[in-house]
Amino acid sequence: MVRQVLKRLISWQRGLTARLPNVHPMTRGIVTYALMWPTGSLIQQTMEGRNLRTYDWARAARFSLFGGLYVAPSIYGWVRLTSAMWPQTNLRIGIVKAITEQISYGPFACVSFFMGMSLLERKTFAQAVEETKQKALPTYKVGLCVWPFLQTINFSLVPEHNRIIFVSICSLMWTIFLAYMKMRELDSTPEPEPELDLRHTKLAN
């Protein structure tokens, strides 16, 4: 299923770029992420055992809003900033950009994802902070194993005007993982209180 979705999305993105060559890259990124992120959510829900009748469409809509209106513009701004800082593209600079991203943008992206999505679910600010504390760091650790390699390719081999599209294709798999992490139950089970040994208590009295 994921392979078929990827083929269709890549074909759609190429068609969009060919038909609308003068469209601003951020606009293409917004449209792409507004479709890509709910797709990732629906794939993750399919893995949960859901189908068309049982999909949580509100959850998918939140992914669409967050992906299109927040993630795409923030990634566009980051790509423009790094392109201004390192205008040349080669493997060495690509590695430097990838490391810089994981140190700076990576933690920010993880924290903002869990905070933003939790607030879209109408959770309180305190609840959003608690969920972020429990989930952001484990998610970031997984990202450290994935994104440096992908971003090295992105910054060193892909032209700037296609970088948001390239990242969006790579992020479909990542979005599925984010959707999984978002729906993980919080470890909020209280620790059991130690039982009082009444026998020793009676002896003491």
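Helices (H or I, at least four residues) and strands (E, at least two) are DSSP runs, numbered from the N terminus. K97 has its place in helix α4. This is a predicted model, in which local features need pLDDT of at least 70 and side-chain atom pairs count only at pLDDT 80 or more, while totals for chains, interfaces and linings use all residues. Residues are numbered from 1 along each chain as its sequence is written, and side-chain values use heavy atoms, with hydrogens and water left out.

**Overall fold**

The protein has eight helices and zero strands, giving the pattern α-α-α-α-α-α-α-α along the sequence. Of its 205 residues, 41% count as buried, where buried means under 20% relative accessible area, exposed over 50%, and partly exposed in between (1.4 Å probe, protein chains only). The accessible surface comes to about 12400 Å², and 63% of this belongs to carbon and sulfur atoms. Accessible areas come from the Shrake-Rupley method with a 1.4 Å probe; for residues, only the protein chains shown count as cover. Among contacts (heavy atoms within 4.5 Å) between residues at least 6 apart in sequence, 73% join residues at least 24 apart.

**The nonpolar core**

A nonpolar core is a set of buried Ala, Val, Leu, Ile, Met, Phe, Trp, Tyr and Cys residues joined through side-chain atoms within 4.5 Å. The largest one has 29 residues, and those with the most contacts inside it are Y33, W37, I75 and F113. At least two core residues each come from α2 (25-47), α3 (57-85), α5 (105-120), α6 (125-157) and α7 (163-183). The helix that gives the most is α7, with eight residues.

Setting aside residues up to four places away in sequence, F113 touches W37, F63, F66, L178 and K182. L178 is in helix α7. With the neighbours within four places again left out, L178 is in contact with W37, F113 and T139. The C-alpha atoms of L178 and F113 are 8.7 Å apart in space, and the two residues are 65 apart in sequence.

**Helix α4**

Helix α4 covers residues 91-103 and contains I95. L91, I95, I99 and I103 form a nonpolar patch on the surface, with about 400 Å² of accessible area together. Patches are made of residues with over 30% relative accessible area and no salt bridge; like charges are joined within 9 Å, and nonpolar side chains (Val, Leu, Ile, Met, Phe, Trp, Tyr) within 5 Å. A salt bridge is a side-chain nitrogen of Lys or Arg within 4 Å of a carboxyl oxygen of Asp or Glu.

K97 counts as buried, at 0% relative accessibility. Beyond residues up to four places away in sequence, K97 touches T82, S83, W86, Q88, F155 and R163.

**Accessibility of selected residues**

| Residue | Relative accessibility | Class |
|---|---|---|
| K97 | 0% | buried |
| L178 | 5% | buried |
| C110 | 9% | buried |
| C170 | 17% | buried |
| I95 | 39% | partly exposed |
| R122 | 80% | exposed |

**Cysteines and backbone**

A disulfide is a pair of cysteine sulfur atoms within 2.5 Å, and by this rule the count is zero.

R122 is found in the loop between α5 and α6. Phi of R122 is near 70°, a positive value in a residue other than glycine. Most residues other than glycine have a negative phi.
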